Amino acid sequence: MSDRKTERLINLTLALLSTRRFLKKNQILDTVFGYEGSQEAKERMFERDKDDLRSLGIEIEVGDLDNFFEDEPGYRIPQKSYELVVPELTPRELAIISIAANLWNDSAFAPNAQSGIRKLQSLGIPATSELDFKLKYRFENPSELLETITKAIANRSTIMFSYDSKSLSERRVNPFKVIFWNDFWYLIGMDLDRAEIRLFKLSRFVSNITLCKKSKSYEIPQDFDVNNYLPKNEPEITHVAKIVIAKDAALILRNSGKFLKEDADGDVYEFAYTNESAFLREIIWHGNSVKILEPENLVDSLISRLKVGA
């Protein structure tokens, strides 16, 4: 399957999931990015895409917009039918699903997919990207981190990374084990600066991992038992940011924040977040429509990300 078709299928899935009422075919062809060519060519494309989605097990409902009139039928994907409950899986299978879930997340919030939702909203069609369906398990994107950590454990090499705890700090760790526990990926290892075995959540890594070149620099204790280092409950560390949003912009983002006041540049909102990387991705997507006022370290992180992407 070509990348263009894959992107179109994802855009179509998101549009049909996000709408609260049935969408007519012409509305889909006009709003979903990827349908090109003559009207006949677009309609053929749409019919093939419906078949492809159904072959993947995705239920597409066909219904009337108004029960009292014989209008053209519309389409939507019921969110309840799209819910996924993950069964017992091996660590390798969980890693594969984690990567796939991240790819879906990146695609769902890509500009082309989001522009389709905005078009639907501008037509007065109730649509939102705040989808109600959720995975039973929450997945981060641990692929690069897992690869580096696994290599470090195999080589018995020390790693270094920036970690988001009560204050951002650089960590030097001899990694012992990486596990998927309580819906998240974790690293357990010897924190060299604190001289004790610690638990690290991969979603709180705020930098790439630096792998020391020296191998066989430590040994994992023979009596090491991962269960001794897993707390029953781990409270999320919540950060607060103040952001100014331009007038009549970022409506979906506004819904997740708390309005504080108006100022010369727009409306000031307060947002609570636990994952800095995920929050910054959302801010960057809105471009010049939003500006971070505080905290200062979040502004610095945003500037660093933009420099890397430049």
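Mentor: Tyr-35 and Phe-46 are both buried in this predicted model. Tyr-35 belongs to the loop between helix 2 (25–31) and helix 3 (39–55), while Phe-46 is part of helix 3, so their pairing ties together parts that are 11 residues apart in sequence. In total, 14 aromatic pairs are found when the whole structure is searched. The geometry of Tyr-35 and Phe-46 is edge-to-face, with 6.4 Å from centre to centre and 75° between the planes.

A further edge-to-face pair consists of Tyr-163 and Phe-200, with 5.3 Å centre to centre and 90° between the planes. This pair links distant parts of the chain, as Tyr-163 sits in strand 4 and Phe-200 in strand 7, 37 residues apart. Tyr-163 is buried, as is Phe-200. There is also one aromatic cluster, formed by Phe-259, Tyr-269, Phe-271, Tyr-273 and Phe-279.

Beyond its neighbours within four places in sequence, Leu-187 is in contact with residues including Phe-200, Leu-199, Arg-198, Val-173, Pro-175, Lys-177 and Val-178. Ile-149, Ile-159, Phe-161, Leu-202 and Phe-205 are also among the contacts of Leu-187.

Leu-187 is itself one of the residues with the most contacts inside the largest nonpolar core, which has 30 residues. Strand 5 supplies the largest share of the core, 6 residues. Another core lies apart from this one; it has 17 residues, among them Leu-9, Leu-12, Ile-28 and Val-32.

Glu-276 is placed in helix 9 (residues 276–285). Glu-276 is buried but has no salt bridge, and Arg-305, the nearest side chain of opposite charge, is 5.5 Å away. The side chain of Glu-276 does make a polar contact of 3.1 Å with that of Ser-301. With neighbours within four places in sequence set aside, Glu-276 is in contact with Asp-164, Val-206, Asn-297, Leu-298 and Ser-301.

Note on methods:
Residues numbered from 1 in each chain as written. Predicted model: local features only at pLDDT ≥ 70, side-chain atom pairs only at ≥ 80, totals over all residues. Heavy atoms only, no water. Core = buried A, V, L, I, M, F, W, Y, C linked by side-chain atoms within 4.5 Å. Buried < 20%, exposed > 50% of the residue type's maximum accessible area, 1.4 Å probe, protein only. Helix = DSSP H or I, 4+ residues; strand = E, 2+ residues; numbered from the N terminus. Contact = heavy atoms within 4.5 Å. Lys, Arg positive; Asp, Glu negative; His and termini not counted. Salt bridge = Lys/Arg side-chain N within 4 Å of Asp/Glu carboxyl O. Polar contact = N/O pair within 3.5 Å; in protein donor to acceptor, adjacent residues only side chain to side chain. Phe/Tyr/Trp six-rings, centres within 6.5 Å; stacked < 30°, edge-to-face > 60°.
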